[in-house]
Amino acid sequence: MRKSLQLQAELTEEFGACVFDVTLDCEDGAPVGGEAEHAALVVELANAAGPGARVAVRVHPVDHPAFEQDIAIIAGQAGRRLCHVMLPKVESSNDIDAAVQALGAAGAGHLHLHVLLESPAAVHRAFDIASHTSVQSISFGLMDFVSAHGGAIPSVGMGIDGQFTHPLVVRAKLEIASACHANGKVPSHCVVTEFKDKAAMLAAARRAADEFGFTRMWSIHPDQIRPILEAFAPGEHEIEIASDVLVAAAAADWAPISHRHKLEDRASYRYYWQVLQRAHRTGRRLPETVQPWFEHENTSRRQAV
């Protein structure tokens with residue numbers, strides 16, 4: 001956990017923006033019987049993180065004996081330093097209601113929830129879960145999802161190729177991405193366990209972004225972060241086109257324009273603005289013509305640091 005926070009600080013300095021969140025894990029990270037001590041460590045690390053850091057926590061599932069203790073300790077003592085709480089093993093909106101109630105009791109009702117869907121039944125309820133007002137993002141739990149099928153999905157379905165080709169896994173990913181986009185939430189792609197193959201990792205991240213509609217992705221190793229950033233960031237040519245179109249549109253008071261012999265209007269303006277936002281969030285250099293649109297955010301970041 002300390003290494004992850006240190007890497008986040010280093011890349012923030014390099015890119016001029018905090019380009020990834022660090023999620024401190026209680027579900028798999030806490031030893032059995034040592035859940036309270038682990039939660040106290042999470043509090044210590046979260047409160048010690050720099051002002052510009054983005055730190056989250058994955059607590060135990062709502063039906064775990066340590067869940068309420070996690071929330072009481074971590075959200076109660078470090079709620080103002082967390083960017084969100086990750087809730088695993090969500091099966092329905094009832095689980096989210098339970099988490100919201102626990103956060104409120106801990107004085108951290110302001111925190112958004114990022115939820116993990118890890119079973120066929122949970123994926124079936126993806127649209128209902130995504131519509132919950134406290135949910136900000138949905139992640140796909142690949143390995144638990146495959147395991148939940150009792151052997152019906154072969155082990156290759158958890159691999160870097162099979163997870164993009166097995167019909168049941170593909171269907172689950174598309175359901176989650178579609179549910180998120182329908183409700184204005186962020187779909188976050190699952191992990192890739194083959195972290196030593198950077199080329200394969202980059203290809204997987206690009207598929208997640210370009211073919212499946214995910215806008216964030218989990219990493220489980222420091223070597224995965226740069227490939228993910230590269231895959232999810234727009235290319236230089238796309239940034240250039242977005243900048244040119246929006247500058248011309250602004251000059252026309254956002255009326256429809258002809259740009260490079262192509263009609264552009266408010267629908268495409270929204271798309272190109274999202275391109276620039278992605279470029280800014282992933283630390284890409286923006287043309288000088290559009291940099292003033294992000295000056296307030298840059299100034300706020302510098303002041304925070």
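## Close-up views of a predicted model

**View 1. Arg-278 is partly exposed, with a relative accessibility of 25%.** Here, buried stands for under 20% relative accessible area, exposed for over 50%, and partly exposed for anything in between, using a 1.4 Å probe and protein chains only. Please keep in mind that this is a predicted model, in which local features need pLDDT of at least 70 and side-chain atom pairs count only at pLDDT 80 or more, while totals for chains, interfaces and linings use all residues. Residues are numbered from 1 along each chain as its sequence is written, and side-chain values use heavy atoms, with hydrogens and water left out. The partner to look for is Glu-238, whose side chain meets that of Arg-278 in a salt bridge (3.7 Å, N to O). A salt bridge needs a side-chain nitrogen of Lys or Arg within 4 Å of a carboxyl oxygen of Asp or Glu. Helices (H or I, at least four residues) and strands (E, at least two) are DSSP runs, numbered from the N terminus.

**View 2. Glu-240 and Arg-260 form a salt bridge, with their closest N and O atoms 3.9 Å apart.** This pair links distant parts of the chain: Glu-240 is in helix H11, whereas Arg-260 is in the loop between strand E8 (257-259) and strand E9 (262-264), 20 residues apart. Glu-240 counts as partly exposed at 39% relative accessibility, and Arg-260 counts as partly exposed at 47%.

**View 3. UniProt lists Glu-118 and Asp-144 under "binding site", in an unreviewed entry.** Although spread over 27 residues of sequence, these positions cluster in space, with a largest C-alpha distance of 5.4 Å. The UniProt positions are given in the numbering used here, with feature names shortened, and annotations may be inferred rather than shown by experiment. Glu-118 sits in the loop between strand E4 (113-117) and helix H5 (120-124), while Asp-144 is in helix H7 (residues 142-147). At 7% relative accessibility, Glu-118 is buried, whereas Asp-144 is partly exposed, with a relative accessible area of 37%. Contact means heavy atoms within 4.5 Å. Leaving aside neighbours within four places in sequence, Asp-144 is in contact with Lys-89 and Glu-118. With that limit again applied, Glu-118 is in contact with Pro-88, Lys-89, Gly-141, Asp-144, Phe-145 and Ala-148.

**View 4. Lys-89 and Glu-118 join their side chains in a salt bridge (3.2 Å, N to O).** Glu-118 lies in the loop between E4 and H5, and Lys-89 in the loop between strand E3 (82-87) and helix H4 (93-105), so the link spans distant parts of the chain, 29 residues apart. Lys-89 counts as partly exposed at 30% relative accessibility. The backbone of Lys-89 takes part as well: its nitrogen lies 2.7 Å from a polar atom of the Glu-118 side chain. Widen the view to find a network of salt bridges that links Asp-25, Glu-27, Asp-28, Arg-58, Lys-89, Glu-118 and Asp-144.

**View 5. Lys-185 is buried yet has no salt bridge.** Its nearest side chain of opposite charge, that of Asp-128, is 10 Å away. For charges, Lys and Arg count as positive and Asp and Glu as negative, while His and the chain ends are not counted. Lys-185 is in the loop between helix H8 (167-182) and strand E6 (186-189). What does the side chain of Lys-185 reach at 2.7 Å? The backbone oxygen of Ala-130. A polar atom of the Lys-185 side chain also lies 2.9 Å from the backbone oxygen of Val-135. Not counting residues up to four places away in sequence, Lys-185 touches Ala-130, Ser-131, His-132, Val-135, Gln-136 and Cys-180.

**View 6. Helix H10 (residues 225-232) has 6 of its 8 residues buried, so it is largely enclosed by the rest of the structure.** The buried residues are Ile-225, Pro-227, Ile-228, Leu-229, Ala-231 and Phe-232. Among the elements covering them are helix H1 (2-15), helix H9 (198-210), strand E7 (216-217) and H12.

Definitions and conventions
Polar contact = N/O pair within 3.5 Å; in protein donor to acceptor, adjacent residues only side chain to side chain.
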